[in-house]
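Trainee: Please take me through one stretch of this model in close detail. I would like to see how that stretch sits within the chain around it.

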Amino acid sequence: MSGRKPRSVANPLESAITTPSERILKECHSLYVDTENGLVKIASSLGVRLLPPRKKIIVMIMGNHSAGKSSFINWYAEEHIQKTGVAIETQGFTFITSGRKRESLTVRSSLKEAPAHTRCLCLPGVTDYLSAEISTSKQKKFSLVTFVDTPGLVDGDMVYPFNVNSAITWLGEQADLVFVFFDPMGQALCKRTLNIVEQLSEKCGDKLLFYLSKADEAGSETDRQRVMMQIVQELCRRPGLNKCGFEMPTIYIPNPSKPSRCVNQIDGVCQTIEKTINQAVQKTLDQLEKDSDLICSTISSRLEKDREDASYNKSVRLHSFLCGALGIVLPALFILSFIVHTLSKEQLDELLGEGTARTVSICTGIVMHIWDWIPEDGQVVFVIFFGAFCYLLLFLAKYFAGRGNKTLTKKEKRAMAEYSNYIQDIVKTKKLMEES
Ligand SMILES: Nc1nc2c(ncn2[C@@H]2O[C@H](COP(=O)(O)OP(=O)(O)OP(=O)(O)O)[C@@H](O)[C@H]2O)c(=O)[nH]1
Ligand SMILES: [Mg+2]
């Protein structure tokens, strides 16, 4: 686009981008949010609302108290970010994500770090229990994931300062993946966890994945099988869940000083995350194409409407002009005829010249002939009707003049054409991204 500044690098971090997925997601995001020519801005100028795509996927981890949720996040990032322990450690929601420097943010500032789509978190009381941990870790796919660590769930007397069930359900709906951790200890059958799982399964069952965490603590293989059976039975007892075929991989945090013979499917969790990232990249590229098409079609229909408006305005203007001209010319001719009629032929010739005088006297002659033709007692009525008719013509002229539609200015039309060209460029960029 003319006069457009060269696109600046959206984020100095870009130099540190390691994977194509990360680059594509970042580039797509900046195509939307660019303050000068972002798709969101272009679309909003056309009255279309677009949401920028996410730069990262959201993985929410929920489960009973002490199920190993925070430990899993620490293991994934390979950094001790979240506090872990046997006590109830995580009491609110924590967004754990990568950034330029290690930071712990609380309450309102964490809302900025929370992914844009979860920013409207307006559940009463929850905002005071939000925090964010920013880590510089680049391990596994951490730079493309925002983990949501949730409060450990327990039954009974535990009082949560907010409606924990609806908060987890709401956040789960925003997430791309929801991991439910069941540990082999006594807490495995926590009713609250099952209630939330049931609610989530109704709304977004496809992103719900169950894991038997801390599987190394389950004892012998037979004990582990028994625990699994118990959990699955309990899940199936719920009407909203009994139709799912449960898969429950066993996972635990590898501990070199305490090797276990239990099968560890924790790498499968990483693969699931990676698969979801790849799907997110594809979804983002598809969305970019759809949004570009939407903007282009909005522009072309706007330009088409503008052409129709312009031709409508032309015909309306013609109507207005004709009515206005008749409304002025007819009474003027009428009055002029009477004036001319009082003058003699010689006076007229002298005043207008012979040729013009003849034309004028023919015209006035016609008017005077019509006037004479009207019976004398009808002449007053005629003048009233004639006046009203002329007034109507002038009224119609004004009415038509006000009927025109607002059309685009030349500048606006040029801007739209430029936007359209720019969007075509974006589609080309998208194709290049897909090929890379
Ligand atoms: N053996 C074993 N212990 C684990 C594993 N994961 C976590 N733990 C331990 O279990 C305890 C609880 O772990 P956390 O990660 O704090 O559990 P949490 O689910 O975050 O707990 P809350 O935040 O209180 O809900 C800690 O003492 C961990 O060291 C595991 O895979 N194997
Ligand atoms: Mg925790």
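Mentor: Ser66 has a relative accessible area of 21%, which means that it counts as partly exposed (buried is under 20%, exposed over 50% and partly exposed in between, with a 1.4 Å probe and protein chains only). The model is predicted, so local features need pLDDT of at least 70 and side-chain atom pairs pLDDT 80 or more, while totals for chains, interfaces and linings use all residues. Residues are numbered from 1 along each chain as its sequence is written, chains are lettered from A and ligands numbered from 1 in the order written, and side-chain values use heavy atoms, without hydrogens or water.

Ser66 lies in the loop between β1 and α3 (helices are DSSP runs of H or I with at least four residues, strands runs of E with at least two, numbered from the N terminus). Its phi is positive, about 70°, although Ser66 is not a glycine. Glu78, in the loop between α3 and β2 (93-98), is another non-glycine residue with a positive phi, near 55°. At 49% relative accessibility, Glu78 is partly exposed.

Now for helix α3 itself, residues 69-77, which packs against helix α8, residues 266-342. The angle is about 75° and the axes are 12 Å apart (axes are lines fitted to C-alpha atoms, for helices over the stretch in contact, with angles from 0 to 180 degrees between N-to-C directions). The two helices are therefore roughly perpendicular, a label for 65 to 115 degrees, with under 35 roughly parallel, over 145 roughly antiparallel and the rest oblique. On the α3 side, Phe72, Trp75 and Tyr76 make the contact, meeting Ile266, Val269, Cys270 and Ile273 of α8 (contact means heavy atoms within 4.5 Å). By class, this contact has 7 nonpolar residues and no polar or charged ones.

Of the contacts with a separation of 6 or more, 78% come from residues 24 or more positions apart.

Key
Ala, Val, Leu, Ile, Met, Phe, Trp, Tyr, Cys and Pro count as nonpolar, Asp, Glu, Lys and Arg as charged, and the others, Gly among them, as polar.
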